[in-house]
Amino acid sequence: MANTANSASAANQAATANGPTAANSVTILEQGRVGGIGDIGRGAGKPAAGGGGGGGGGYDLDASYSIDTIPLIHWDASTLESENSASDGSTFSTWTSREGNDYDLNQADAAEQFTYEATSSNMNSKPVVVSSDGARHMMTATDFLSAGTVTQPVTLIFAIHKETLGSLKALFSGKDTSGSGLWHFTDYSPRSIFGSPQWYIYDGGYVGGSTTDMVTGAQIITWELNPAGTTNFYKELARSTTVSGTPSANNPFNYLFSLGSATNGGYDVPTDTEIGEVIIFNEVLSDTTVTSDNVDGGELFTIISYLKNKYGIS
């Protein structure tokens with residue numbers, strides 16, 4: 001695992017520039033790293049669906065930050081122009097993930113589409129997607145992952161800017177089918193019933209980063225949901241000292257993942273919410289080190305440091 005200054009190999013750079021092919025995908029996974037070059041670019045190799053953990057030669061977040069574990073999903077607004085032909089100031093219908101699996105977030109209804117902003121004044125002049133009126137969201141196709149592909153634990157990392165907080169506004173949500181039941185987990189944040197606005201997920205019960213109040217402004221939030229171990233919430237590098245509740249063991253989002261709303265299309269994020277990046281792992285990154293409730297080592301430290309540097313978050 002490397003924290004900084006690990007740029008992609010020459011082979012990976014060439015493959016990224018030329019686009020992935022059946023021939024070079026195997027080569028890149030065996031000899032190089034997958035991921036973007038600079039702030040843009042989609043994974044040159046294509047790890048197997050659901051293969052976000054370990055192996056494959058590593059993953060470049062950008063030219064300066066790399067990790068060993070390939071994400072399950074990585075949506076990065078920096079790729080929207082090159083991969084999805086998004087135009088500055090216009091709405092768009094598809095957001096393709098960059099880790100190599102090509103998972104798409106979609107929104108066919110123009111009235112519910114995010115707006116692409118090429119240079120956000122709130123996020124260090126980097127590209128973001130914006131909810132222009134508090135009624136915008138995107139979703140994967142149903143059954144976008146095979147049943148049982150994603151099981152707990154999961155790690156979800158977001159780089160966002162919140163202009164206002166609102167109440168019961170869902171940054172993300174997921175569903176999974178299990179027999180005849182439909183299970184879900186939803187970020188119903190903030191929950192006003194808990195007093196001051198705080199981050200909470202409903203997942204068979206409420207799981208809260210209960211010492212971490214929600215705030216406006218640019219920020220990075222991380223959930224490590226682990227029903228068999230310790231569930232953690234982080235804001236930037238600071239770990240919430242108390243996380244209330246325990247997530248269920250339900251599979252979180254094989255059937256559907258929603259960004260900017262609950263899976264029923266309601267509880268949309270507030271007006272002017274900006275989303276720069278979403279990174280999801282089907283595991284808790286095992287090499288994370290924490291001192292005095294601050295992450296100070298391991299791949300999670302590298303990822304959060306990359307996002308802080310990219311989006312100008314202190």
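Phe92 is buried, at a relative accessible area of 5%, where buried means under 20% relative accessible area, exposed over 50% and partly exposed in between, computed with a 1.4 Å probe on protein chains only. Trp95 is likewise buried, with a relative accessible area of 0%. This is a predicted model, in which local features need pLDDT of at least 70 and side-chain atom pairs count only at pLDDT 80 or more, while totals for chains, interfaces and linings use all residues. Residues are numbered from 1 along each chain as its sequence is written, and side-chain values use heavy atoms, with hydrogens and water left out.

**Aromatic pairs**

- The structure holds eleven aromatic pairs, a pair being rings of Phe, Tyr and Trp (its six-membered ring) whose centres lie within 6.5 Å, with planes under 30 degrees apart counted as stacked, over 60 as edge-to-face and the rest as tilted.
- The rings of Phe92 and Trp95 form an edge-to-face pair, because their planes stand at 80°, with the ring centres 6.5 Å apart.
- A cluster linked by ring pairs takes in Trp75, Phe158, Phe172, Phe185, Phe253 and Phe257.

**Nonpolar cores**

- The largest nonpolar core has 41 residues, of which Trp95, Leu156, Phe253 and Phe257 touch the most other members; such a core is a set of buried Ala, Val, Leu, Ile, Met, Phe, Trp, Tyr and Cys residues joined through side-chain atoms within 4.5 Å.
- At least two residues of this core come from each of strand E4 (73-76), E10, strand E11 (169-178), strand E13 (198-202), strand E15 (217-225), E18 and E19, where strands (E, at least two residues) and helices (H or I, at least four) are DSSP runs numbered from the N terminus.
- Strand E10 gives the most to this core, with four residues.
- A second, separate core of 24 residues includes Val128, Ile157, Ala159 and Tyr311.
- Leaving aside neighbours within four places in sequence, Phe253 is in contact (heavy atoms within 4.5 Å) with residues including Leu72, Ile73, Phe144, Phe185 and Ile280.

- The structure holds six salt bridges, each defined as a side-chain nitrogen of Lys or Arg within 4 Å of a carboxyl oxygen of Asp or Glu.
- Asp76 forms a salt bridge with Arg98, the closest N and O atoms being 2.9 Å apart; Asp76 is in strand E4 and Arg98 in the loop between strand E5 (94-96) and strand E6 (104-106), 22 residues apart.
- Asp76 also forms a salt bridge with Lys310, at 3.1 Å between the closest N and O atoms, and since Lys310 lies in helix H4 (residues 299-311), this pair ties together parts that are 234 residues apart in sequence.
- Both Asp76 and Arg98 are buried, and Lys310 is buried too.

**Backbone features**

- A cis peptide bond, with omega about 10°, joins Gln152 and Pro153, and Pro153 lies in the loop between strand E9 (138-139) and strand E10 (154-162).
- Ser125, a residue other than glycine, has a positive phi near 60° and is partly exposed, with a relative accessible area of 49%.
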